[in-house]
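Please look over the sequence and the model below. A short report follows, organised by region.

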Amino acid sequence: MEQIEAKSFLYHVVLFYEFTHSGFKSSVPTRMKFSPVLQLLPFLLVSATVAQNDSYTDGSGHPVASPYDYQRAGTRGPLLLQDFHLIDLLSHFDRERIPERVVHAKGSGAHGYFEVTRDISNITMAAPFSEGVGTQVPLTMRFSTVAGESGSPDTNRDPRGFAIKMRTSQGIWDWVFNNTPVFFLRDPTKFPLFIHSQKRDPQTNLRNATLQWDYWSQNQEAIYQIMILFSDRGTPQSWAQMDGWSGHTYKWVKADGTWSYVQLKITSQQGIANFNATEALATAAMNPDHNTQDLRQVTDRIEAGNFPTWTVAIQTMSPEQSLSFKYDVNDLTKIWPEDEYPLLEIGKIVLNKNPENWFSEIEQLAFSPSNMVPGAEPSNDPVLQARLFAYPDTARHRLGPNYMEIPVNCPIAVHNFQRAAWMRIDGGAGTLPPNAPNYPSSFNPPVSFVQRPYNLSAIADPIVGPATTQGSYQLSLLDFEQPNTLYNTEFSESERQSLVSNVITALNTVTSQDIQQRSLDMFACVDDKLGAAIGAGIGLTPQVRSDSLDQASSAFIYLLISVK
Ligand code: HEM
């Protein structure tokens, strides 16, 4: 028993140490209910004892007189294998790197809180909303670029990741968003292949515009996202000055089991600021960490108490409304027009604490869209469904099977039957005693159970017919309608000009005229003027017109794979 208590005690010391030393504590609002684990004051005493004994040691805690000492035979002979300090130092150093994220590798973030500002009990039973207006929960946010490696310039043209980890009383709720309302694709199988086309060429290890536009011009459902990417919105000046969107449709459920489709938008209260292409390139050359530094201190945002703030709003659509919605409610390449589905403000986000240990608090973060609380459910969007699998999967690879035990990922309370595996430090079963049975036992029951909050089958769409195989091989003019509105109505004149000039610059580096032509035709399907302007800059004439389905569909003969 004593031994068990000692193990659990040690784990709590680690947790307490991490929370007090990583800066989470000061970002946690006072209303937050801590896990009892974190309230165990006796550990202060242990920390104090450790703190007094702060002389240098090797990894096993043995005092070492100087970190620069090493042992050798004689004064000029070979090294001695018995020199544990040197071997420990080198072998730990040899293992310092963990795999970087396969996408979104370059990024950083900060801690803060989410506050509920509206009662939405008529929309969802999810915590923290169910806990009343004014409830705050601690969060950590990470911003990122997508395609570049962890050392790449963070002002490169790219969408920006906008990921939020909220620690609610009902478990972790991750919002793994981007700074754009749509995405490049609506078929999950395309994601790895699309990313391959944007990352380095396997032969040359260089980024390759020809491959990028080859992919895009064959998969033109990406057009809306491409237009945002090649406007100045593709090069944000500051992570604090951009908005975030869920992109996906979710289902938010009430306690009685009725539900609505929901999309989220997060609006920066600092306003929007973007670099133009020249400024973005110059900044990348001068300071590849510009945005990282900006969030931390360049503009004295967090350090000076000038806390970045965002408002959080939702759009809702009833299942009945979705039947007459012009687009598929689960199509990630489409927006829900705000005049038809107005934004309803429900909360705010404040970032008030920089990380004190970047690796522990940012690099080891593992977000997943599958981290949802009761009252929030996934829609049938196939890309979202694939993401539910992919993120925990990649976390197990990047951080190990016990990645949820890492303090920054750890829920406030966890009681389960997961045991052992690499790097288990809590003895198993979360905050349960390590000797608790690791199955639902009939004696000494280690865990109680809650009622199902609602009947899952009541919120599931009826499934009809046999299994099918699908893919976006055919596009229609509907796919170009919202991009046309974006170009003509939402973009300002200067955004239109930036788009044209940035696309011309990019297409002029494409080495295949076929790829240039079908990329040009993709823009001509959006708008004839846009096609003409880009064509003039690359010396080609559009082969399609935007106003004719027949002519527009000729753009799609380029699709290499077609469904017969
Ligand atoms: C099938 C589609 C997708 C797949 C398979 C996928 C996969 C991944 C993977 C493997 C990571 C790295 C995670 C890690 O190492 O911790 C990642 C990161 C990320 N993804 Fe996706 N992704 C998809 C679509 C999307 C979409 C549609 C969005 C936005 C709406 C998005 C937003 C993000 C963000 C923000 C991150 C960075 C998270 C962080 O800061 O750690 N992804 N994605």
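## Ligand shell

This is a predicted model. The ligand is surrounded by 28 residues. Arg101, His104, Gly161, Phe191 and Gly247 are the closest. Strands β2 (136-145), β3 (160-168) and β4 (171-178) each give two or more residues to the shell, and so does helix α12 (382-398).

Helix α12 provides the largest share, eight residues. By residue type, the shell holds 17 nonpolar, seven polar and four charged residues.

## Annotated active site

An unreviewed UniProt entry carries the annotation "active site" for His104 and Asn178. The two span 75 residues in sequence, yet their C-alpha atoms are not more than 10.5 Å apart, so they gather at one spot.

His104 sits in the loop between α4 (84-94) and β1 (107-116). It is buried, because 23 C-beta neighbours lie inside 10 Å and the cut-off is 20 or more. Beyond residues up to four places away in sequence, His104 touches Ser144, Val146 and Gly161. Its phi is positive, about 60°, although His104 is not a glycine.

Asn178 belongs to strand β4. It too is buried: 22 other C-beta atoms lie within 10 Å. Setting aside neighbours within four places in sequence, its contacts are Pro159, Arg160, Gly161, Phe162, Gly244, Trp245 and Gly247.

## Nonpolar cores

In soluble globular proteins, nonpolar side chains tend to be buried together. The largest nonpolar core here has 56 residues. Within this core, Ala126, Leu139, Met141, Ala163, Trp252, Leu264 and Ala376 touch the most other members. Elements giving two or more residues to this core are β1, β2, β3, β4, β6 (250-253), β7 (259-268), β8 (309-317) and β9 (344-353).

Trp252 is in contact with Ile123, Thr124, Ala126, Trp259, Ser260, Val262, Gly375 and Ala376, leaving aside its neighbours within four places in sequence. Another core lies apart from the largest one. It has 38 residues, among them Phe184, Ala222, Tyr224 and Met227.

## Helix α15

Helix α15 covers residues 493-507. At 1.5 Å a residue, its 15 residues should span 21 Å, and the end C-alpha atoms are 21 Å apart, which agrees.

The buried residues of α15 are Ser498, Leu499, Val500, Asn502, Val503 and Leu507. They pack against α6 (209-218), α7 (223-230), α8 (277-286), α16 (513-526) and α17 (528-538).

## Loops and backbone details

Ser150 lies in the loop between β2 and β3. It is partly exposed, with 13 other C-beta atoms within 10 Å. Ser150 and Ala105 are 45 residues apart along the chain, but 4.7 Å separates their C-alpha atoms. Leaving aside neighbours within four places in sequence, Ser150 is in contact with Glu100, Ala105 and Lys106.

The peptide bond from Ala127 to Pro128 is cis, with omega near 10°. Pro128 is in the loop between β1 and β2. Ala420 has a positive phi, near 55°, and is not a glycine. Its place is the loop between α12 and α13 (456-459). Ala420 is exposed, because 10 other C-beta atoms lie within 10 Å and 12 or fewer counts as exposed.

Methods. Residues numbered from 1 in each chain as written. Predicted model: local features only at pLDDT ≥ 70, side-chain atom pairs only at ≥ 80, totals over all residues. Near = placed C-beta within 6 Å. Helix = DSSP H or I, 4+ residues; strand = E, 2+ residues; numbered from the N terminus. Nonpolar A, V, L, I, M, F, W, Y, C, P; charged D, E, K, R; others polar. UniProt positions renumbered as here; feature names shortened; annotations may be inferred. Contact = placed C-beta atoms within 7 Å. Expected span 1.5 Å × (residues − 1). Core = buried A, V, L, I, M, F, W, Y, C linked by C-beta atoms within 7 Å.
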